[in-house]
Amino acid sequence: MSGVQYTVHDFETAARAELDPVYADFIAGGARDEITVRANEAAFGRLQLLPRVLRGSAVRELGISLLGSRASLPVLISPTAFHKLVDPEGELATARAAAAAGAIMIVAMASTVAVGEIADAARAAGDDDVPLWFQLYIQPDLEITEALVRRATDAGCTALVVTVDSPVLGAGERNRRNGFHDLPPGLRCENLVDLRDGERGHVRQIAMSPELNWEHIDWLRGITSLPILLKGVLHPEDARLAVRHGVDGLLLSNHGGRQLDTVPATLELLPEILAAVEGRIPVVLDGGVRRGTDAVKALALGASAVGIGRPVMWALAEGGEKGVRRLLDLLRDELDDTLALCGASGLADLTPDLVRVPAWGPVPGPALTPGADRRFGGVVA
Ligand SMILES: Cc1cc2nc3c(=O)[nH]c(=O)nc-3n(C[C@H](O)[C@H](O)[C@H](O)COP(=O)(O)O)c2cc1C
């Protein structure tokens, strides 16, 4: 542990000090020129908040209910692979922290602890119905995919998040430059071990599926009764198709800028995606959320919740389970404080009129009377 973390970016600085630079780059990096990585965060800075006043409320309600899962705050842990790269306890530590905070954790299919063990750790740290979701890459072999869905369901996961923006792996040029291609010895994707009968000791590699299409989503709909969210839909027409194919929710995400570079910031796309789904299914947003004010902007525009990816890896690297717990507490405090300053007593009070795009043309300053000194507001004798 190094220093005190007052902001999410302090966790990043602390993680950099702890981590092998190759892993720090793996976390921070994105595809190609990382234009989308930067755009995600910058988009939040460009929007303004326009608060209401004199609507006093002593406490703020931050809890949500989303597709049958309840959480104490509208910040989800987005799926990130390989937590054991940064902490020996890996996903167990993240899950304990999330469960204790009452936050929804989306377990990555590429986790370095098996989903069943993650769920046991979460239940031991929280209560029996801790909200755990499972992120799935549909595999070319559907039998294998079905076995993965069964593992997640048996573990008690209550929703599936299907990542659809990865027909091929994004080009992380930092990883190429650093020669980072494989997990170090001793670490593996535990959910992919022994997936077929008679395969003891066999570990699969995650396959990307360039042939994936909407029929695969229909197939998945047919084999599970869990809510299905699609992660990585960016085009409004695809959002409409998702509704038509019986999808239960969207995680509006550009994979943190790690897949196709130069796609828009997710925040910029949010109004279009919300318009496309016409309120039929919830939309969660991730990408660049670093502050309570960021979360409030997305929620006010109509997102049902937001997700965080890199901040969790930084917090885990910095302080393990305790680090992730402090990160979630920090975001909860920032969120609560932003709500109070916006005159909101709960998430339901967050409405689009609280958010503006700066509409500055030339600033029409007051006409200067001859002899007036602008700096002091007085007239120079
Ligand atoms: C280190 C790392 C690993 C990730 N692994 C996955 C993954 O296995 N599956 C997936 O759908 N998204 C993955 N993502 C993307 C995140 O789920 C999320 O969309 C993104 O990190 C959100 O942006 P943020 O990091 O700016 O919060 C990963 C992101 C990072 C930083």
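Predicted model: local features only at pLDDT ≥ 70, side-chain atom pairs only at ≥ 80, totals over all residues.
What covers the buried residues of H2?

Residues are numbered from 1 along each chain as its sequence is written, and side-chain values use heavy atoms, with hydrogens and water left out.

1. **Helix H2.** The cover over the buried residues of H2 includes helix H1 (8-18), helix H3 (35-46), helix H7 (173-178) and H12. Contact here means heavy atoms within 4.5 Å. Helices are DSSP runs of H or I with at least four residues, strands are runs of E with at least two, and both are numbered from the N terminus. Six of the eight residues of H2 are buried, so this helix is largely enclosed by the rest of the structure. The buried ones are Tyr23, Ala24, Asp25, Phe26, Ile27 and Ala28. Buried means under 20% relative accessible area, exposed means over 50%, and partly exposed is in between (1.4 Å probe, protein chains only).

2. **The start of H2.** Have a look at Asp20: one of its side-chain oxygens comes to within 2.8 Å of the backbone nitrogen of Val22. I use polar contact for a pair of N or O atoms within 3.5 Å; within protein, one must be able to donate a hydrogen and the other to accept it, and residues adjacent in sequence count only if both atoms are side-chain atoms.

3. The ligand has 22 residues around it, and Pro79, Thr163, Asp286, Gly288 and Arg290 come nearest. To be near, a residue needs one of its heavy atoms within 4 Å of the molecule or strand in question. H2 (21-28) turns up again here: this helix and helix H12 (310-341) each supply at least two residues of the shell. By class, the shell has seven nonpolar, 10 polar and five charged residues. Nonpolar covers Ala, Val, Leu, Ile, Met, Phe, Trp, Tyr, Cys and Pro; charged covers Asp, Glu, Lys and Arg; the others, Gly among them, count as polar.

4. A backbone N or O atom of Pro79 sits 2.6 Å from a ligand oxygen. The side chain of His255 has an N or O atom 3.2 Å from a nitrogen of the ligand. For Arg290, a side-chain N or O atom is 2.7 Å from a ligand oxygen. The protein covers 97% of the 600 Å² of accessible area that the ligand has on its own. Those areas come from the Shrake-Rupley method with a 1.4 Å probe; for residues, only the protein chains shown count as cover.

5. **Strand E7.** Thr163, one of the residues that come nearest the ligand, belongs to E7 (residues 160-163). In a regular strand the side chains alternate between the two faces of the sheet. In E7, Leu160 and Val162 are on one side, Val161 and Thr163 on the other, and all are buried. Strand E6 (residues 132-136) pairs with E7 in the parallel sense over three bridges, and Gln135 has Val161 as its bridge partner. Strands pair if DSSP finds at least two bridges between them.

6. **Strand E11.** Both sides are buried here too: Ala305 and Gly307 point one way from E11 (residues 305-308), Val306 and Ile308 the other. Strand E4 (residues 75-77) pairs with E11 in the parallel sense over three bridges, with Leu76 opposite Gly307. Strand E10 (residues 283-286) also runs parallel to E11, joined by three bridges, and Leu285 is partnered with Val306.

7. **Asn191.** Which residue's backbone oxygen lies 2.9 Å from a polar atom of the Asn191 side chain? That residue is Met109. The Asn191 side chain also reaches the backbone nitrogen of Val115 at 2.8 Å. Asn191 is in the loop between H7 and helix H8 (214-223), and is buried at a relative accessible area of 1%. Leaving aside neighbours within four places in sequence, the contacts of Asn191 include Phe134, Leu148 and Arg151.

8. **Two loop residues with positive phi.** Leu67 is not a glycine, yet its phi is positive, about 50°. Leu67 lies in the loop between strand E2 (64-66) and strand E3 (69-71) and is partly exposed at 24% relative accessibility. Thr262 has a positive phi too, near 75°. At 57% relative accessibility, Thr262 counts as exposed; its place is in the loop between strand E9 (249-252) and helix H10 (266-277).
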